[in-house]
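The sequence and the structure are shown below and may be consulted throughout.

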Amino acid sequence: MAVLAELRGRTGHLAFINMMPLMVFGGRNNLLIPLLRVSFDTFNIFHRWIGRLVAMEAIAHTIAWMAAKDIADRHVKQQSTMMLAFDNNPFLTWGLASLIAMMIILIQASSAIRHLAYETFLHLHQVLAFVAFLGAAIHGHTGKLPMTNYVYVTIGLWFLERTVRWTMIAYRNFGLRSSTRVTVEALPEACRVTYQLKRPWQMRPGCHVYAHFPTLTWSLSSHPFSIAWYDTQPSTIESEKLPTTTVDLANTLPNRNSSTTITLIMSRKSGMTAKLHARALAAPSNTISIPGYIEGPYGGLESLHSYGTVLLFAGGVGITHQLSHVRDLLASYEAATSAVQKIVLIWSVRTQDAFDWVHAWMSQILQMPHRREVLKVLLFVTKPRHAGDVISRSTQVKMFGGRCKPGRIVEEEFEKRKGAMAVTVCGPGAFADEVRGAVRERVEEGVVDFQEESFSW
């Protein structure tokens, strides 16, 4: 009995305490992300495993209580009264409700279910998490448990994070007379979504935002997308002149009168992206304007300026993450503010239709000063419509038919590298694994770092 009582108390105490990092690690505005320079994706992995730990501790806590209760009942009354203990007992009832919610989360948060129906998983997950935290709070309060304060702190942190998030969304997207404008253009198997922001933002290469479309979904759910392109334009003609003084230079930076436009590419999948693509495709010009707002920017924690050679791998819509890096590195090379001497962009797509997603932006990049000195582009089309369509039009932009082989590319560029080398990838999991494996084979032969941008749920 003493052992069961000790087990019950310790597992319950641990479950209450671990709820705090569980909540903090699951928040987008986690202060540990910029402080430790650890991505939200990594903290999301911690969130999932701590959640599993809390659920297992709650199960162990309940089993220990049930075993002790059964032993005590049989010793005194020769029969179990366990089920009768829940009658008119909010302490046990809410504790059981919290446990049931955690057990359902343990099942529905599996990788297969998350990827099968993410939006359904997300909505159900939020409801169940609310029940789990509420049940734990009432369970601790009615039982006058000393560790209940941990749950109160956890709930307070959750409300604080949500308040900060929605305050920033309101500030950056809405005003008294106008709000962020959203234009959606249907493309082959994707949408080009352009936001004319209410207030200017300071963008970082490689960052992403969360897109909200209240007229497409019944909930307040959002989805992450890398920023493919952005422009900040001064509001006056005078501000377009080249700066000649420090005052002029300051005026070229984003200010309250600037106009910032960002564009996302949303690959058509299921759920929200499918609805968005269908609505835009049904419009006469394949373009619509709908209500929407964005949250961010997030990410962009790592700079590539200290590397002499940079390899940027992209699979499919992952090109949106790499475009901002290419643009930034070329600008820093021209300004002599980085160590970069060689940039190789590798993009693998299924068909040539994907080139329409970023054609205008790639044209701007290919016209940037000194581009020919440092930038090489390798395009791979795995399923070309015709073999004759795969043509390399220059030595700097080469196109190949067939599957991209990251191992061969990393090997060739590693032998011809200039200075330290960085390899980044944004694309499907299998493609990223191939790139990671190729880099792992070279880590002991020279200075080479690997970075992956992914959104795992």
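## Valine 184 and strand S1

Valine 184 lies in strand S1, which covers residues 181-187. In this predicted model, valine 184 has a relative accessibility of 0% and therefore counts as buried, since the term applies under 20% relative accessible area.

Alanine 132 is 52 residues away from valine 184 along the chain, and the C-alpha atoms of the two residues are separated by 39 Å.

## The sheet of S4, S3 and S8

An open sheet is formed by 3 strands in the order S4-S3-S8, and the pairing is antiparallel. Strand S4 (223-226) and strand S8 (293-299) are the edge strands, each pairing on one side only. On average, neighbouring strands of this sheet are turned by 30 degrees against each other when direction is ignored.

Strand S3 comprises residues 207-212 and is joined to S4 by 4 bridges, with the two strands running antiparallel. Within this part of the sheet, histidine 208 stands opposite serine 226 in S4.

## Cysteines and disulfides

How many disulfides does the model contain? The count comes to 0 disulfides, where a disulfide is a pair of cysteine sulfur atoms within 2.5 Å. For cysteine 191, the closest cysteine sulfur is that of cysteine 426, and at 18 Å this sulfur is too far for a bond. Cysteine 207 is likewise in no disulfide, as the nearest cysteine sulfur, again that of cysteine 426, is 12 Å away.

Is cysteine 191 buried or exposed? Cysteine 191 has a relative accessible area of 1% and is therefore buried. Cysteine 207 also counts as buried, because its relative accessibility is 2%.

## The helix pair H4 and H6

Helix H4 spans residues 90-108 and helix H6 spans residues 118-142; their axes come within 8 Å and cross at roughly 155 degrees. Angles over 145 degrees count as roughly antiparallel, and H4 and H6 are therefore roughly antiparallel to each other. The crossing of the two helices is left-handed.

Which classes of residue make up the contact of H4 with H6? The contact has 17 nonpolar and 7 polar residues, and no charged residues.

Notes. Residues are numbered from 1 along each chain as its sequence is written. This is a predicted model: local features need pLDDT of at least 70, side-chain atom pairs count only at pLDDT 80 or more; totals for chains, interfaces and linings use all residues. Side-chain values use heavy atoms; hydrogens and water are left out. Axes are lines fitted to C-alpha atoms, for helices over the stretch in contact, and angles run from 0 to 180 degrees between N-to-C directions. Angles under 35 degrees count as roughly parallel, over 145 as roughly antiparallel, 65 to 115 as roughly perpendicular and the rest as oblique. A crossing is left-handed if the near helix is turned anticlockwise from the far one by less than a right angle, and right-handed if clockwise. Ala, Val, Leu, Ile, Met, Phe, Trp, Tyr, Cys and Pro count as nonpolar, Asp, Glu, Lys and Arg as charged, and the others, Gly among them, as polar. Buried means under 20% relative accessible area, exposed over 50%, partly exposed in between (1.4 Å probe, protein chains only). Two strands pair if DSSP finds at least two bridges between them.
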